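Thanks for coming, everyone. Let me put the structure up, and then we will walk through it together.

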Amino acid sequence: MLGATGSIGASALDVIARHPERFTASVLSANARVEDLIALCRRHRPAHAVIVQPERYADLRDGLAAAGLPTRAHAGPEALAALAAGPDCDTVIAAIVGAAGMASTLAAARAGKRLLLANKESVVLAGDLLMSAVREHAAELIPIDSEHNAIFQCLHGQAADLGRVRRLILTASGGPFLNRGRAELAHATAAQACNHPNWKMGRKISVDSATLMNKGLEVIEAHWLFGMPAERIDVLVHPQSIVHSMVEHADGSVLAQMGRPDMRTTLACGLAWPERVDSGVAAPDLGAIGALSFQPPDRATFACLDLAYAALAAGGTAGATLNAANEVAVAAFLEGRIGFLDIPAVIADTLDAADHQPAGDLDVLLAADAAARAHAAARLSRQAGAMA
Ligand code: NAD
Ligand code: MG
């Protein structure tokens, strides 16, 4: 469980704990929150726990010992990748936020694990490389992002046959700022952006949902996961978040997957697939919900969606650039250093300045990621200077 202390981590551990005869959480990881990680170790008794920040290692080791737990303590990103690839697990839940999840996600794919993939940023950064690793090492990738999990289910876990499948339709809730105009969004705060109407998620993905960058990242993710060309991936706003996505077939038949907006459903699907187990989530009460509605996204106001399509069209390292600029901009917005509408501006500027390369190997992608972070950060500090 990569990212055990996060929102996806909590949902995954909830499902795992419902089926002790079937699932055991053998490795838990967190970035820096040692106390939270030790609390999870008390409850789930994994064989290994990893704290990624090395300076927190002694706290983890001593805390586990003080709690009388047999769990072995580890620290650092190398330990994380080694455990993800090692013999202590057959399934890896990749739920670290951001490009920081890339190395461990890739390590799990290269070790041929069943990979429950929530960490969409690693697909946006290195989709081609990750999918090649999955194929070469016969890993079993099951998407956990609810839209992609819906498509996976509509395709019955098979690859998308481009002759039979005409389009993928990703649904978007529209986030907390649905139907708002630019004038209102100029003063949107981090607290407002993180107050999602349907989903309880980490802060970074909550801001991505508010800007529609989340949907943009998901378009790129769908392209890589299902081998679908960009012009055959559409986005439809569906404020109720009950239809999680749809697959349109050559004969005009559209299959949709429905469920409550609760990630335990997709995690249970991934953990048990092709079987089905209780996730603790009831089915949606369609009679009580009454109506499901759909509308096109407002692409002019929420410019991040088209920036993602542009990065996908540019190809190569452009996805890495888009993702890195977005991570820097969202972190600055969460810290109150820039406004909500500055997020797409920073990303557009970084994409314009970048020299997109073919995504040959990991080094090229990581260089594009680093260059984009440096460019976006420099732009932010110029902006701060201008504001002061
Ligand atoms: P979160 O912020 O709640 O949790 C993030 C986890 O990653 C934490 O356990 C944290 O310790 C760990 N982490 C953070 N930085 C790290 C680093 N540098 N190195 C190692 N570990 C680090 O995030 P979340 O909402 O659980 O989202 C996790 C991932 O799943 C994201 O990629 C997100 O886009 C994706 N996702 C989340 C949801 C959701 O409902 N929350 C839905 C779909 C996809
Ligand atoms: Mg999603």
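**A walk through the model**

Start with Ser241, which is buried, with a relative accessible area of 5%. Here, buried means under 20% relative accessible area, exposed means over 50%, and partly exposed is in between, using a 1.4 Å probe and protein chains only. Ser241 sits in the loop between β8 (233-237) and β9 (243-249). Helices (H or I, at least four residues) and strands (E, at least two) are DSSP runs, numbered from the N terminus. The phi of Ser241 is near 50°, a positive value in a residue other than glycine.

Some ground rules before we go on. This is a predicted model, so local features need pLDDT of at least 70 and side-chain atom pairs count only at pLDDT 80 or more, while totals for chains, interfaces and linings use all residues. Residues are numbered from 1 along each chain as its sequence is written, chains are lettered from A and ligands numbered from 1 in the order in which they are written, and side-chain values use heavy atoms, with hydrogens and water left out.

Now compare Ala138. Ala138 also has a positive phi, about 50°, and is not a glycine. Its loop runs between α6 and β6. Is Ala138 buried or exposed? Ala138 counts as exposed, at 61% relative accessibility.

Next, strand β9. Seven of the seven residues of β9 are buried. Which strands pair with β9? One is β7 (residues 165-172), which runs antiparallel to β9 and is joined to it by five bridges. Another is β10 (residues 254-258), also antiparallel to β9, over five bridges. Two strands pair if DSSP finds at least two bridges between them. Look at Met246 in β9. Met246 is the bridge partner of Ile169. Met246 also stands opposite Ala256 in β10. The hairpin of β9 and β10 has four residues between the strands, and Gly252 there takes a positive phi near 90°.

Over to strand β5 (residues 114-117). Both of its faces are covered. Arg114 and Leu116 are buried on one side, Leu115 and Leu117 on the other. Strand β4 (residues 91-94) runs parallel to β5, with four bridges joining the two. One link to find on screen: Thr91 has Arg114 as its bridge partner in β5.

Now the metal. Which residues supply the protein donors of the magnesium ion, ligand 2? They are Asp145 (OD), Glu147 (OE) and Glu218 (OE), lying 2.1 to 2.2 Å from the ion. Donors are N, O and S atoms within 2.8 Å of the metal (3.2 Å for Na, K and Ca); water is not among the atoms, so sites may look incomplete. Along the chain, the donors follow the spacing D-x1-E-x70-E. Glu147 in helix α7 (residues 146-154) and Glu218 in helix α11 are 71 residues apart, so this pair links distant parts of the chain. Glu147 is buried, with a relative accessible area of 8%. Glu218 is buried too, at 1%.

On to a pocket. Rolling a probe the size of a water molecule over the atoms shows where empty space is left. On a 1 Å grid over the protein atoms alone, a pocket is an open set of points where a 1.4 Å probe fits, with protein on both sides within 12 Å along at least five of seven lines; lining residues have an atom within 4 Å of a point. The second largest pocket has a volume of about 410 Å³. Its lining has 17 residues, and the closest to its centre are Met131, Leu141, Gly157, Ala159 and Leu225. Which elements each supply at least two lining residues? They are α6 (120-136), β6 (140-143) and α11 (213-226). The largest share, four residues, comes from β6. Domain 1 (7-144) and domain 2 (146-262 + 269-298) each give the lining at least three residues.

Some last stops. Trp273 and Pro274 are joined by a cis peptide bond, with omega about 5°. Pro274 lies in the loop between α12 (263-272) and α13 (286-289). Ala313, in helix α14 (residues 304-314), is exposed, with a relative accessible area of 68%. Arg203, in helix α10 (residues 203-211), counts as partly exposed, at 47%.

Methods. Grid points are joined across faces, edges and corners, and a volume is the space filled by probe spheres set on the points. Domain bounds come from an automatic or database domain assignment.
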